[in-house]
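Reader: I am new to this structure. Please take me through it in short steps.

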Amino acid sequence: MNAVQSGLVVQALLALAAVATGLLSPVSWRSRATGALCALLGVAGIVTGAAALGGANGALTIPLALPIDPLVLSPDRLGGLFMIVVSAVGALVSLFGIGSARGAEASRTSWAAMAVFLGGMQLVPAATDVVSFLLLWEIMTLGSTVLLLADHASRSTVYSAAIWYSAMSQLSFFFVLAGFGVLVAATGGTGFQTLATVPADSWPANLAFVLLLLGFGGKAELVPLHVWVPRVLPEAPSHVAAAMSGAMVKIGVYGALLVCVRLLPSGPPWWGVLIFVLGGVSAVYGILQASVASDLKVLLAYSTTENMGLVFLGLGASVLLRSYNATAAADAALVAALLLMVSHAAFKTTLFLGAGAVAHATGELNLDRLGGLGKRMPWTAGTFGLASLGAASLPITSGFVAEWMLLQALIHGARLDGEVVSVAASIAMPLAVAVLALTAGLALLTFVKAYGIAFLARPRSRKASIAREVPWVMRVPLVLGALAVVGLGLMPGPLAAAIAAAVGPVIVPDVHTVGLAGVSLSGIDAVLDPGTLVILAGLVLVPILVIVALGARRHPTRVDPLPWAGGGSRLRPRMQYTATSYAEPLVRVFDDVLRPSRDVEVTHVGESRYLVEKVHVEQTVSDVIETRLYRPVLNAAQRFGLAARRAQDGSIHRYLGYSFAALLVVLIAVSL
């Protein structure tokens with residue numbers, strides 16, 4: 001057996017061993033043993049994916065006792081890239097879960113489901129046919145659903161979140177199944193190589209594209225199929241939420257790339273426009289909701305919608321430009337989309353694990369009740385801060401490199417060599433640049449709010465004031481994730497070269513790498529490469545840090561207030577911004593989009609109408625897509641169900657009448 005085949009066998013055996021250990025081991029060492037096996041499963045996936053990305057070929061055949069062909073797992077270069085990403089995330093969250101899982105989260109069912117979830121998710125990119133792809137997809141979904149239900153007995157909100165997740169997951173599966181069904185009916189085979197023979201300009205290809213985009217977009221959190229995200233990720237255990245946001249949503253991206261790069265690589269321009277619009281709307285809507293959220297996990301969940309929107313924005317730009325033969329710009333946009341995907345896996349996993357560390361230490365995720373964690377949890381604060389830099393796309397991080405390359409592709413996409421590519425591209429590319437600029441600015445505001453209020457402000461609750469750093473087994477994945485955020489940003493060239501190799505041979509970008517000099521593509525001359533900007537940022541940052549350090553040494557922090565408090569008294573928590581007040585100007589600007597609801601309660605002193613004792617202001621920002629789109633549909637379905645119940649009133653005469661009417665309808669239909 002070669003490296004890929006051996007790696008797939010080892011992954012399968014480790015997944016089975018982790019399931020058995022989770023079910024059979026005693027509670028005293030269940031988390032350590034099963035978590036270690038799950039981490040080893042992630043390491044095995046990284047090795048297998050690296051071998052596939054390097055060009056090694058190998059297949060694992062699984063015979064079935066059914067009248068269908070056996071399942072064949074054989075990852076190509078693209079599958080190898082995604083296997084590396086999801087396996088790395090799986091290894092980190094497994095280590096974190098050893099220390100964070102408590103109570104129901106550390107039960108036999110939860111750890112066995114964790115192994116099933118990670119194993120299924122790692123093997124989806126290795127599928128070579130429709131049957132194995134859908135089977136592994138459902139294994140992944142089943143494992144994540146069981147993990148979500150871990151705390152359903154103690155929190156009623158978990159049950160509601162699980163219903164939303166199950167419903168949206170099955171809706172996505174239905175679209176994926178229908179899309180593949182159209183291609184299978186058109187070709188007569190289930191293998192991906194057979195499906196790729198469908199002409200891209202035929203009606204089966206167009207119908208399958210729309211269905212598959214909806215299915216994979218639902219898993220990737222695209223608007224309007226994102227409504228499960230702000231419910232599920234805050235309710236899931238922290239290490240599970242990190243796996244879902246950092247890895248599972250990437251399977252939706254993989255599905256979209258499988259369609260646009262492997263199965264139907266020469267789609268018409270309107271395909272690119274559709275992906276483009278869905279990605280742009282998701283990016284703007286997601287970051288708007290994140291910027292006004294006060295719950296840390298809700299903020300990170302909506303931020304994932306924004307990041308995946310940018311990935312699909314790059315993919316849509318690539319499909320659109322390629323349809324007009326603007327190959328260089330299309331290649332740059334595609335590589336940038338994949339850079340964003342890899343970058344997001346690094347910083348969002350670290351952010352969710354950081355949020356889990358905060359919840360573990362304080363029992364709080366409401367930013368309005370946190371503060372002062374920077375001194376009490378220095379390891380968590382440092383790693384969360386680096387990941388926030390990546391989420392805000394600031395220099396020295398992978399997020400900056402990815403968005404900079406996407407910006408270059410969009411700027412040069414409408415014109416190459418001084419000639420206009422197309423009218424559609426000349427309109428779409430400037431709009432995409434505006435979307436990218438808006439989301440970048442709002443992302444910076446969002447993570448300044450999250451980090452500043454949670455870690456730098458004064459404690460707003462007793463739990464925050466007595467917080468302590470998490471155990472070392474939880475710090476290790478935080479540190480590794482933060483190092484990945486910075487490390488990927490310092491080597492954009494080799495990373496882009498590996499990604500360029502992953503999307504061949506159907507699409508082979510002409511990428512040249514020169515170490516820190518970044519990435520250049522034929523036909524596009526970058527104004528300033530990302531590596532140079534990283535060096536410039538360092539040159540600016542070092543003097544600032546020196547000045548701050550000297551100032552802090554010369555003027556130490558005053559502990560006692562000045563006698564007359566003439567500007568020298570220490571700030572109290574009530575004198576500082578809360579997450580809600582920080583986002584208030586933004587809520588007012590985007591009031592028509594966010595539709596906030598406000599409740600102001602004024603308590604007067606005694607019977608006086610003029611003296612105020614306290615004022616309580618509560619502001620809630622709901623998901624407009626849910627309230628305006630899903631709620632009316634659900635309410636109509638509920639009304640129909642209540643009306644239908646009237647037909648079942650227990651009367652035998654009415655039931656006989658129904659049967660007689662149905663018989664008459666059948667006889668009339670047969671006679672016609």
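Reader: How many aromatic pairs does a search of the whole structure find?
Author: This is a predicted model, where local features need pLDDT of at least 70, side-chain atom pairs count only at pLDDT 80 or more, and totals for chains, interfaces and linings use all residues. Residues are numbered from 1 along each chain as its sequence is written, and side-chain values use heavy atoms, with hydrogens and water left out. Rings of Phe, Tyr and Trp (its six-membered ring) pair if their centres lie within 6.5 Å. The search of the whole structure gives 18 aromatic pairs.

Reader: What is the geometry of the pair F384 and Y451?
Author: A pair of aromatic rings is described by the distance of the centres and the angle of the planes. Planes under 30 degrees apart count as stacked, over 60 as edge-to-face and the rest as tilted. F384 and Y451 are 6.4 Å apart centre to centre, with 15 degrees between the planes, so the pair is stacked.

Reader: Which helices does this pair link?
Author: Helices (H or I, at least four residues) and strands (E, at least two) are DSSP runs, numbered from the N terminus. The two residues are 67 apart, and the pair links distant parts of the chain. F384 is in α15 (residues 378-391) and Y451 is in α17 (residues 423-456).

Reader: Is Y451 buried, partly exposed or exposed?
Author: Buried means under 20% relative accessible area, exposed over 50%, and partly exposed in between (1.4 Å probe, protein chains only). F384 has 1% relative accessibility, so F384 is buried. Y451 has 21%, so Y451 counts as partly exposed.

Reader: Which residues do ring pairs link into a cluster?
Author: Ring pairs can join several residues into one group here. The cluster holds F133, W137, F180, F192 and F216.

Reader: Which residues have the most contacts inside the largest nonpolar core?
Author: In soluble globular proteins, nonpolar side chains tend to be buried together. A nonpolar core is a set of buried Ala, Val, Leu, Ile, Met, Phe, Trp, Tyr and Cys residues joined through side-chain atoms within 4.5 Å. The largest one has 192 residues, and those with the most contacts inside it are F133, F180 and M244.

Reader: Which residues does F180 contact?
Author: Contact means heavy atoms within 4.5 Å. Neighbours within four places in sequence are left aside. F180 is then in contact with V130, F133, L134, F192, L195, L212, F216, L258 and L263.

Reader: What is the volume of the largest pocket?
Author: Rolling a probe the size of a water molecule over the atoms shows where empty space is left. On a 1 Å grid over the protein atoms alone, a cavity is a set of points where a 1.4 Å probe fits but cannot get out; a pocket is an open set with protein on both sides within 12 Å along at least five of seven lines; lining residues have an atom within 4 Å of a point. Grid points are joined across faces, edges and corners, and a volume is the space filled by probe spheres set on the points. For the largest pocket, this comes to about 1,200 Å³.

Reader: Which of its lining residues are closest to the centre of the largest pocket?
Author: The lining of the largest pocket has 37 residues. Its largest share, seven residues, comes from β8. Closest to the centre are S294, D368, T580, E618 and Q619.

Reader: Is S294 buried or exposed?
Author: S294 sits in the loop between α11 and α12. Among its contacts beyond four places in sequence are D368 and T580. Its relative accessibility is 17%, so S294 counts as buried.

Reader: Which helix gives the largest share of the lining of the second largest cavity?
Author: The second largest cavity has a volume of about 50 Å³. Its lining includes H344, F347 and S393. The largest share, four residues, comes from α13.

Reader: What is phi of S393?
Author: S393 lies in the loop between α15 and α16. S393 is buried, with a relative accessible area of 13%. Its phi is positive, in a residue other than glycine, and is near 60 degrees.

Reader: Which residues does a cis peptide bond join?
Author: P224 is in the loop between α8 (203-219) and α9. Omega of the cis bond is about 10 degrees. The bond joins V223 and P224.
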